Amino acid sequence: MDPYEIEFIGENRIVSIIPNFSHDKIFLICGEFGPFRAGLPMNVPLWLGVMLKQKQKCRIVPPDWMDIEVLENIKEEEKRSRFFTKMPNEHYMVEAKLILGAAAEDIPRASEIKTIIKDIWDIRMSKLRTSMDALMKSGGNYGRLDHLTMMEINSVKPLLPEAMDELHRIKMMARKTMPASLNNSTFSQTGGSQNI
Amino acid sequence: MGNQSNYLSISDILVTNEKVPCKFLHDLPKMGFLDPASTEDDLKTGTNVEIPLWLAESLYSRRPPLVSVDLPKIYKEAYREILNADACTVDLHKLGQHFYELGCYIAKHDIKGEVGNTLVNTFRQRFRMILSASASTDSISALQPLSDTERERTAGAASTEKALSTWLKRGDCPLSTANMVASHRKRKRAEMEML
């Protein structure tokens, strides 16, 4: 999948905004939002929030996790743990990118947050690569992808699933020395009985 | 590599077109042309000829078998030892473009039954090479020792990698490491001083 498609999926996350205009409820495919009251916080999908922000119609309220201290803790935790830790948000990368892109001035210490999120991402990505290699080497038959976000899982496709498939095929064919007949059915019987 | 599923697969056809060394177990009249070194019309018992795998398989599967299939050199003991010791040093592009696929076909002709394990081990060890080749900037030298399917897999991984990095770089707020930070040699220490 393309990262933009994941961004699109992530854009459906709900964020909190403070509009500076008043408007009735609006009806969208993903639900109804509103009514908009100037100065009163409300929830809208991320894409709508970003769009309104670009038109200077609202302020975006930073999500709870978009905070230096929270992120520092996550980063430390991520560094310490051998496994992946739970992220505050399934689409943290998408949200961070869009919100920090469109509404950096609404977020306190935006540039520091940007750096730290990038650090967390880098730590997780390098962990992902090492654990992929370890999985292959150790001969595990499955990998646990707990707490990986969609964007991260996507980054190992198609390599990891294909490699696992191939490995399984080789094992099936080679271990049992199953007959790999070309197009000859009698062959499969004779070949099988000879080698078992 | 399945039985019927690959009947129309071009890569499978290419794999089964690879030559394998065979020994003929019977005299074959009028088949002398199979052996380029022979001048006679008939093929004698005991001649060693390299023939394509598809032909070898069908001759082998006759009752009684007309040929005995030998292992190509990359699957032989000497190479198996190298592969088991460190598969990453072997240039599979040179030695066996279809190493895994051909190996699956050939495994049943191995009396000791060790080819299967070698294939699995080699695949496991060489996964790291695919991983680093897909991220490497010097892609030509990294790709060089990879076999055909390994190259395909690397290309797939590299395009994912590229899509991801364009996504990260695009937009009003590229989430990338700042130039200054990246070029800063003592980043760790700088961080500690900040705290």
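A:Ser16 stands opposite A:Val61 in strand 5 of chain A. This is a predicted model, where local features need pLDDT of at least 70 and side-chain atom pairs count only at pLDDT 80 or more, while totals for chains, interfaces and linings use all residues. Residues are numbered from 1 along each chain as its sequence is written, chains are lettered from A and ligands numbered from 1 in the order written, and side-chain values use heavy atoms, leaving out hydrogens and water.

**The chain A sheet**

- Strand 1 (residues 14-19) and strand 5 of chain A share 4 bridges.

**The chain B sheet**

- Chain B has an open antiparallel sheet of 3 strands, ordered 2-1-3.
- Strand 2 (48-52) and strand 3 (67-69) of chain B each have a single partner strand, so one side of each lacks a neighbour in the sheet.
- Strand 1 (residues 19-24) of chain B is joined to strand 2 of chain B by 5 bridges, with B:Val20 opposite B:Ile51.

**A helix pair in chain A**

- Helix 1 (residues 3-10) and helix 4 (residues 92-102) of chain A pack at about 80°, axes 9 Å apart.
- Helix 1 and helix 4 of chain A are therefore roughly perpendicular (65 to 115 degrees; under 35 is roughly parallel, over 145 roughly antiparallel, the rest oblique).
- A:Ile6, A:Glu7 and A:Gly10 of helix 1 meet A:Val94, A:Lys97 and A:Leu98 of helix 4 (contact means heavy atoms within 4.5 Å).

**The core**

- The largest nonpolar core has 93 residues, and A:Ile117 and B:Tyr75 have the most contacts inside it (a core is a set of buried Ala, Val, Leu, Ile, Met, Phe, Trp, Tyr and Cys residues joined through side-chain atoms within 4.5 Å; buried means under 20% relative accessible area, with a 1.4 Å probe and protein chains only).
- Helix 5 (residues 110-138) of chain A gives the most to this core, 11 residues.
- Leaving aside residues up to four places away in sequence, A:Ile117 touches A:Trp65, A:Leu71, A:Tyr92, A:Met93 and A:Ala96.

Methods
Buried means under 20% relative accessible area, exposed over 50%, partly exposed in between (1.4 Å probe, protein chains only). Helices (H or I, at least four residues) and strands (E, at least two) are DSSP runs, numbered from the N terminus. Axes are lines fitted to C-alpha atoms, for helices over the stretch in contact, and angles run from 0 to 180 degrees between N-to-C directions. Two strands pair if DSSP finds at least two bridges between them.
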